[in-house]
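Colleague: I would like a close look at one part of this model, the ligand site. Please go through it step by step.

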Amino acid sequence: MSDVAALEASNIHKVFGDNEVLKGIDLTANKGDVISIIGSSGSGKSTFLRCMNLLEIPTQGDIALHSEKIGFKHLRNGERLPSDNKQVERIRSKLSMVFQGFNLWSHMTVLENIIEAPVHVLGIPKKEAIEQAEGLLERVGLHDRKDYYPAHMSGGQQQRAAIARALAMNPEVMLFDEPTSALDPELVGEVLKVMRSLAEEGRTMLVVTHEMAFARDVSNQVLFLHQGIVEERGSPQKVFENPDSERMKQFLAPKY
Ligand code: ADP
Ligand code: MG
């Protein structure tokens with residue numbers, strides 16, 4: 001008997017106006033899976049990730065978190081909306097997202113950033129939230145930065161703080177959208193190191209990335225998107241060393 005998937009998406013479509021950006025994507029993340037999503041700019045990677053935590057509402061398709069299926073209602077114009085806002089809130093709190101641009105609140109210290117949602121969304125007592133946050137800051141190597149404002153930290157430190165903030169929600173699945181793309185090259189490693197440690201402790205993660213070494217070494221499944229479809233998928237060995245798709249081969253070929 002197999003376990004229930006942590007996250008299951010089937011036949012996800014997304015249309016913006018007359019632009020069909022996602023054309024039927026399937027994904028199953030079991031507990032502990034690290035799934036890298038790669039592909040050229042504009043292939044739909046961010047849109048797919050945003051559909052998973054309902055920052056975008058998929059035009060068609062099903063999403064289930066631990067077999068809890070997200071309910072949608074159909075509107076007259078063909079669009080859909082989630083039928084239960086409480087469910088959306090619950091699902092979002094279980095799928096924390098780390099963005100390319102850090103997205104910390106600039107008027108709050110690192111510690112305040114981390115306890116904000118646990119206190120105000122999950123209703124955790126402040127003292128407890130602070131204790132938890134301090135542990136998480138230790139975890140990402142920022143225990144000495146808790147009273148800093150984001151503007152006074154490097155991009156790598158800000159992104160590690162953003163990861164601690166995502167962890168503070170105790171998410172079932174973590175979503176990363178190019179978390180190192182906005183960083184100076186010398187700061188990429190410290191963020192990847194934290195992500196690697198999360199993978200090693202068995203976190204379920206979906207990672208949109210251009211870091212092919214990370215995708216190859218850390219993930220157990222790779223999806224290559226092209227124009228809104230999964231052009232190639234499989235183990236990193238399969239996708240990187242023996243892809244079926246010509247486009248995947250071109251994507252891997254040295255650019256200069
Ligand atoms: P990627 O992350 O792979 O670079 P995106 O998911 O950001 O790709 O974008 C895929 C396509 O969807 C692009 O053509 C983009 O212009 C379009 N798109 C993304 N978000 C929106 C939006 N909110 N409204 C209209 N078009 C969008
Ligand atoms: Mg993107």
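Which elements each supply at least two residues of the shell around ligand 1?

Modeller: Strand β2 (19-29) and helix α1 (45-52) each do. α1 gives the largest share, 3 residues. Helices (H or I, at least four residues) and strands (E, at least two) are DSSP runs, numbered from the N terminus.

A word on the basis. This is a predicted model, with residues numbered from 1 along each chain as its sequence is written, chains lettered from A and ligands numbered from 1 in the order written. Local features need pLDDT of at least 70 and side-chain atom pairs pLDDT 80 or more, while totals for chains, interfaces and linings use all residues; side-chain values use heavy atoms, without hydrogens and water.

Now the shell: residues with a heavy atom within 4 Å of the ligand. Around ligand 1 these are F16, N19, V21, S40, S41, G42, S43, G44, K45, S46, T47 and E56. By class, 2 are nonpolar, 8 polar and 2 charged. Here Ala, Val, Leu, Ile, Met, Phe, Trp, Tyr, Cys and Pro count as nonpolar, Asp, Glu, Lys and Arg as charged, and the others, Gly among them, as polar.

Next, the polar contacts (pairs of N or O atoms within 3.5 Å). A polar side-chain atom of T47 sits 2.5 Å from a ligand 1 oxygen. For S46, a polar side-chain atom is 2.9 Å from an oxygen of ligand 1. S43 uses a backbone N or O atom, at 3.2 Å from a ligand oxygen. The protein covers 59% of the 560 Å² of accessible area that ligand 1 has on its own. That area comes from the Shrake-Rupley method with a 1.4 Å probe.

Where do these two elements sit? β2 belongs to an open sheet of 4 strands, β2-β1-β4-β5, with antiparallel pairing. β2 and β5 (68-69) are its edge strands, each pairing on one side only. Strands pair if DSSP finds at least two bridges between them. β1 (residues 7-16) and β2 share 8 bridges. Within that pair, I12 stands opposite I25 of β2. α1 packs on this sheet, touching β1, β2 and β4 (60-65), with its direction at about 120° to that of β1. Contact means heavy atoms within 4.5 Å. Angles run from 0 to 180 degrees between N-to-C directions of axes fitted to C-alpha atoms, for helices over the stretch in contact.

α1 also lies across β3 (34-38), β8, β9, β10 (204-208) and β11 (221-226), running at about 155° to β9.

Methods. Polar contact = N/O pair within 3.5 Å; in protein donor to acceptor, adjacent residues only side chain to side chain.
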